[in-house]
2 protein chains.
Amino acid sequence: MHAGAEVKRAPGIDLSHHLSDLSKARQTSPLKGLQKYLGHPNLINLAGGLPHPDYFPYSRVSADALVPSSFATSRESSLSWLWNLFSGDKSTSLTVPRYPAKDGDINLAQALQYGLARGMPQIQDFIRRFTAEVYQPAYDNWATLINSGNTDGWCRAALTLCNPGEGIFAAEWTYPSAKATVIPLGVRMVPLPMDIQGIRSDKFREILATWDDKSRNMSRPHVLYTIPIGQNPTGGTMSAPRKQEIYNICVEFDIIIVEDDPYYFLQHGQYLPKASRGKSKEIQNDKWYSTLEPSYLAFDVQGRVIRLDSFSKVIAPGCRLGWFTCNPLFAERLERQGETSLQAPCGFSQALVTSLLLNWKDEGYTRWLRGLQAQYISRRDFFVDCLLDTFHFTPVTVADEKSLWDGGVIYQAFREKSGNRSPVLSFVPPTSGMFVWLKVHFETHPLYEFHGQEALETKLWLKLAESGVLFGPGVMFSASEPEDTTAINDGHMRVSFSNEEFDKMKTAVEIFKSTLDHFYDEKR
Amino acid sequence: MHAGAEVKRAPGIDLSHHLSDLSKARQTSPLKGLQKYLGHPNLINLAGGLPHPDYFPYSRVSADALVPSSFATSRESSLSWLWNLFSGDKSTSLTVPRYPAKDGDINLAQALQYGLARGMPQIQDFIRRFTAEVYQPAYDNWATLINSGNTDGWCRAALTLCNPGEGIFAAEWTYPSAKATVIPLGVRMVPLPMDIQGIRSDKFREILATWDDKSRNMSRPHVLYTIPIGQNPTGGTMSAPRKQEIYNICVEFDIIIVEDDPYYFLQHGQYLPKASRGKSKEIQNDKWYSTLEPSYLAFDVQGRVIRLDSFSKVIAPGCRLGWFTCNPLFAERLERQGETSLQAPCGFSQALVTSLLLNWKDEGYTRWLRGLQAQYISRRDFFVDCLLDTFHFTPVTVADEKSLWDGGVIYQAFREKSGNRSPVLSFVPPTSGMFVWLKVHFETHPLYEFHGQEALETKLWLKLAESGVLFGPGVMFSASEPEDTTAINDGHMRVSFSNEEFDKMKTAVEIFKSTLDHFYDEKR
């Protein structure tokens, strides 16, 4: 992390009118209110229902963990086989005893006991320091608060901000679980047109400025849900200027931004075909964060961003740990909600993740993130290479404001049949995250008029599944209501390059090619 | 656990009309829906956003754990110093590797990955088996579902059953966080009169039969929240006959019972004064469960009980693990809710708790629970002994249907002043759980007419806190609305004997005695 000069910033503004009725009605969990008396060293506390820590059956929890430099950075990765050979000791040991040897030591008596919804002090400190140094929020009194990952974070943010009957703005293609969370709350998503970077600021502004409650059948939403880095499903990356534009619009129209950013450190940069891929120049560890696109927090002079950070993609999903960064009022309400749902995140996880971060130190965690970034770049490159090797793509520049890929260069595969040349498949290589968003041109399928787009998409997906390959069905990622006939209705598949072995990814692309060929040969 | 003969039971009845609007509107988390295709062994899965398990920094997690016989059982506890000396090896080792050595082994690649909301198969199996053998639900198609502890469990149950504006029946003294969870949902608690066993069936029936929507300003509640064992705060234990009565009433009036039962295994039996305490007779491990009061599940022929079990009091609160037992329809809705809030419980916790249970085996876990039961009996006995040694109590039999202690023997301490003898403090020794519920007779305080009960309670609580002792303020545990002037208004303190060292508990009782003496000496 870079130290950075101390910058004097103003506090955020009052945004309390954004709280939902439910959030306003939430009280402090009554027994937790006692905890302000707990500071006295000789206090005899018979108030809480805490088991004695001698009754915890775990006397010690330990872990063997990788060292921060376990994976080569992207700058080193062309020599990664050498790296793997000579990078030395690959393991470090973590131990959490039942009782601390000295004050401040992580211990099970604390971690496995009832705790505050805000988590153990050691992980609070790390989160606060990391956020300050890496994201540099643009106002003074921002707060951080631990949660159980971004699904929990989004669920709590939505409940804190939205009343039933309200809407939430979201990219027209978005994370399905984010939608599934809000639907039963009686909250609808209002899709926003996208381009290569994600949400279009021009269209967003237009929708806001011309919003008509009556024809829309709801009041103008006051919340924007966005995944600006590694956009799920498109793999897009939103640049700083676009973020600044959208932030300004949100100030003008008084919108709260929920920045769901689990893929932040998986920024790949532009895809370069194999032939033109060179060795990047060396970069110092403490300069690395400044090579990444900034968070919305960097523009947030008013405190209208709720940022969701997660350890799921950079440590492990099973940790179920993440955190909010937001204004102190929202943080307090979100904490109250945590007290009566989860209480605190799991103690094993807090203890083992904090031990790891303290063992690695800030410098080490940065190095770990760089190694992970490089792994995902290799995976992105490999998967896109497979696509290019298997299909015959033509790069096409797109300048069409109705296209998801406006402003980008797409790779497009055509099909020649009876002298006609029609597009079958196209995509833009992702620049961050875990996914390639493939567009299948169902409108050129011989049975398109007969079946329609949606039935064809399902059919292709099932054919692929039967051939042993599972892709994410595109229709799942639509932010639109199923009954909205004006919604974009392109056929897509989301393909993840994050998890499978390389040879299997290659096989999957080959199976996809032959399945697609057969699929387009279909006759009525 | 006892094997028990296979009993043929009928399925539960249709109770779908109890689902809340929110619960009915909840969809399957879209991406999780794909998981039905995941069975095929050679499937290449590029659908999910899963990191590769090689990127998890933990290569192995291990723990030193106590053995099941670490604490003497209540039958052995009179010889517990001998037990501690000779009970042999006190430690066992648990290891969770990154990858399984053989199928079914608990491993980090699975535990730390995204998982199903229903948890790892190994812990699902344990929970199911344990529930069948220990609680013996009285219908055929009951289901179990893991959750993140009873706070999560209750929050999900309330959201699954209640619409805003509805009420929930609860004991007049109840767990404050249970109330704090439902208040912001626009759901009120409707207090039910109690006696020594907990909720009175006669009064419950009367309230239901004479319910008037208009004067009550709400429709008749269809949910009962209850803590039948180790009632929080009173420490009462509900017998089987009372449970059967209440269950029958719930059938008659179509009420769903949420049985919040974290203290189930901490059943103490009646308190016996030191002099009359003898050695209990030996009991076999597999006969132990039948010495405990049964769960509501044992009477649940229709599937109208949602039972909440927790590992918090018997393993450790920081595990954040518990489970539902209920009918399959409710279980499915509760699972859907989990998918969009917590996803799955923490993987470290699932792995370490499951490893422990498999290491101990069923027999060992039973033995562990018996040891814990004995520890809490010793603590209860010690704390009540302290009270009896410090105050001068007179046992008084109560037969007053307005008394919380109707049907019991209370210990009552009096104060002599100017020839008058008036009660100051009274209590009934708890028969399960972690708490003593002390009644302070504020109505006999010299300044009662001047200050009133509530101000005096606060004053005493603060005096105690300033003297270094923290009790739970009684007013917190009232299920009534603060504005309800008809509500019971007795002064209480909840005192926990579960956590502090024995000498500190003794000191606390002495400080309480002198604080109370000074408090009653106060003059206007």
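Predicted model: local features only at pLDDT ≥ 70, side-chain atom pairs only at ≥ 80, totals over all residues.
Modeller: Two strands pair if DSSP finds at least two bridges between them.

Colleague: Okay, so what makes β5(A) and β9(A) a pair?

Modeller: There are 2 bridges between β5(A), residues 167–171, and β9(A). The rule asks for at least two, so they count as paired. The two strands run parallel, and A170(A) has Y225(A) as its bridge partner in β9(A).

Colleague: And what joins β9(A) to β10(A)?

Modeller: Those two are also parallel, with 4 bridges between them. At least two are needed, so β9(A) and β10(A) pair as well. Here Y225(A) sits opposite V258(A) of β10(A).

Colleague: What covers the picture for the faces of β9(A), buried or exposed?

Modeller: Buried, on both sides: V223(A) and Y225(A) on one face, L224(A) and T226(A) on the other.

Colleague: Why is Q113(A) called buried?

Modeller: Its relative accessibility is 9%, and the cut-off for buried is under 20%, so Q113(A) qualifies. You'll find Q113(A) in the loop between α3 and α4 of chain A.

Colleague: What makes the approach of Q113(A) to P51(A) a polar contact?

Modeller: A polar atom of the Q113(A) side chain is 2.8 Å from the backbone oxygen of P51(A). The limit is 3.5 Å, so the pair is within it. Beyond its sequence neighbours, Q113(A) also touches residues of chain B, namely P317(B), G318(B) and N499(B).

Colleague: How do you know what span to expect for α10(A)?

Modeller: Take 1.5 Å times one less than the number of residues. For the 12 residues of α10(A) the expected figure is 16 Å, and the helix reaches 17 Å from first C-alpha to last, which is close. At its start, a side-chain oxygen of N327(A) comes within 3.1 Å of the backbone nitrogen of L329(A).

Colleague: Why say α10(A) is mostly covered?

Modeller: 9 of its 12 residues are buried, including F330(A), R333(A), L334(A) and E339(A).

Key
Residues numbered from 1 in each chain as written. Chains lettered and ligands numbered in written order. Heavy atoms only, no water. Buried < 20%, exposed > 50% of the residue type's maximum accessible area, 1.4 Å probe, protein only. Polar contact = N/O pair within 3.5 Å; in protein donor to acceptor, adjacent residues only side chain to side chain. Contact = heavy atoms within 4.5 Å. Lists of a residue's contacts leave out its neighbours within four places in sequence.
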